[in-house]
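Trainee: I am new to this structure. Please take me through it, one question at a time.

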Amino acid sequence: MPASVKRFSAIADPHLVHQSLKADGVVVIEGAATQETIDTALEEIGSTAMTQNQTFALAGKSATFATTLLMNALYIDLTKRILTDTCIIYYEQERTVSTSEPQVSQTCILSAQPGSSGWGLRRQDECHHISHPAKREADFGIAYAANDIMEENGAVRVVVGSNNWTDLRDPKVEEETHVQMRKGDAILWLGSTYYGRTPNVTSQPSVLLTAVATAGFRRQEENQYLAIPWETVENYPTEVQRFLGYYVSRPYGGAVEHMEPLDYLKVKGDWSKYIPVDLI
């Protein structure tokens, strides 16, 4: 019998959620977002949210998604716990700890249209060439149910504990758990966990609003700088801009003219207005 997926409330202790993620690779957060927030995001995205199998660059299509759903406090806390990395830098007899903060790798809609056959099990961290079990996770995702996700209309397929498997072990049907969620619930999963989607045998689509983060020193699966125009991003709060990748992953990663990207954009390349910062 497949293992069940642990469920937590939206105000759960991040430490407890983190422990479950390390053991199982996946959890469900009940009531992660209000139904009103989901509806607002869908309205901003437009009709494609319910009619296309995939819609990318979601953080650029909905300000509500970018500023509220993407920046969910529990998700951000866990993202930092899982994906933040440090290293020791030596320079001229001094040693400094450099910290690489997480960044958005991809934002998209995953829709199961009526009659769709679903999609097979995979690991999200494929694009980062990870050997399993991962010494350090490369990806961490959140997917909000934009409507009720039931067995019949495209439940999420997961293999609990597969984050701890080697690459030589393939998942079997009997090891799968099918996750059902109510609108506003969210599933959190590690990139090393096998997941997929069941067929939709109903006449209505089911929709997941999804974001995946990766370590700051890794390449983003979706190029956020081209996918989302700066004219959109510049209207977002600084913490959203940084999460989308407009910051230096220390030491030096992502610098522009050896400057923090946001500083560079503020002064528009005018060095006379620039106040130097330490990029180590």
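Mentor: Start with one term: contact means heavy atoms within 4.5 Å. Keep in mind that this is a predicted model.

Trainee: Is T193 buried or exposed?
Mentor: Buried means under 20% relative accessible area. T193 has 1% relative accessibility, so T193 counts as buried.

Trainee: Which residues have the most contacts inside the largest nonpolar core?
Mentor: That core has 48 residues. Helix α6 (residues 73-83) gives the largest share, six residues. A second, separate core has 18 residues, including A145, V160, W189 and Y195. In the largest core, the residues with the most contacts are V17, F140, Y144, L188, L209 and L244.

Trainee: How are helix α1 and α6 set to each other: parallel, perpendicular or oblique?
Mentor: Two packed helices are described by the angle between their axes and the distance between the axes. Here α1 (residues 14-24) and α6 have axes 10 Å apart, at an angle of about 55°. Roughly parallel needs under 35 degrees, and roughly perpendicular needs 65 to 115. The two helices are therefore oblique.

Trainee: What is the handedness of the crossing where α1 passes α6?
Mentor: Look at the place where the helices meet. From α1 come P14, H15, V17, H18 and L21, and from α6 come L74, D77, L78, R81 and I82. The crossing of α1 and α6 is right-handed.

Trainee: How do the residues of that α1 and α6 contact divide into nonpolar, polar and charged?
Mentor: Sort the residues on both helices by type. The contact of α1 with α6 divides into six nonpolar, two polar and two charged.

Trainee: What is the phi of Y252, and what is the phi of E257?
Mentor: Most residues other than glycine have a negative phi. Y252 lies in the loop between α9 and α10, and E257 is found in that loop too. Neither Y252 nor E257 is a glycine, yet each has a positive phi. The value is about 80° for Y252 and about 50° for E257.

Trainee: What distance separates the C-alpha atoms of L279 and M259?
Mentor: L279 is in the segment after α10. At 2% relative accessibility, L279 is buried. Leaving aside neighbours within four places in sequence, L279 is in contact with V248, R250, P251, Y252, A255, H258, M259 and E260. L279 and M259 are 20 residues apart along the chain, and their C-alpha atoms are separated by 7.7 Å.

Methods: Residues are numbered from 1 along each chain as its sequence is written. This is a predicted model: local features need pLDDT of at least 70, side-chain atom pairs count only at pLDDT 80 or more; totals for chains, interfaces and linings use all residues. Side-chain values use heavy atoms; hydrogens and water are left out. A nonpolar core is a set of buried Ala, Val, Leu, Ile, Met, Phe, Trp, Tyr and Cys residues joined through side-chain atoms within 4.5 Å. Buried means under 20% relative accessible area, exposed over 50%, partly exposed in between (1.4 Å probe, protein chains only). Helices (H or I, at least four residues) and strands (E, at least two) are DSSP runs, numbered from the N terminus. Axes are lines fitted to C-alpha atoms, for helices over the stretch in contact, and angles run from 0 to 180 degrees between N-to-C directions. Angles under 35 degrees count as roughly parallel, over 145 as roughly antiparallel, 65 to 115 as roughly perpendicular and the rest as oblique. A crossing is left-handed if the near helix is turned anticlockwise from the far one by less than a right angle, and right-handed if clockwise. Ala, Val, Leu, Ile, Met, Phe, Trp, Tyr, Cys and Pro count as nonpolar, Asp, Glu, Lys and Arg as charged, and the others, Gly among them, as polar.
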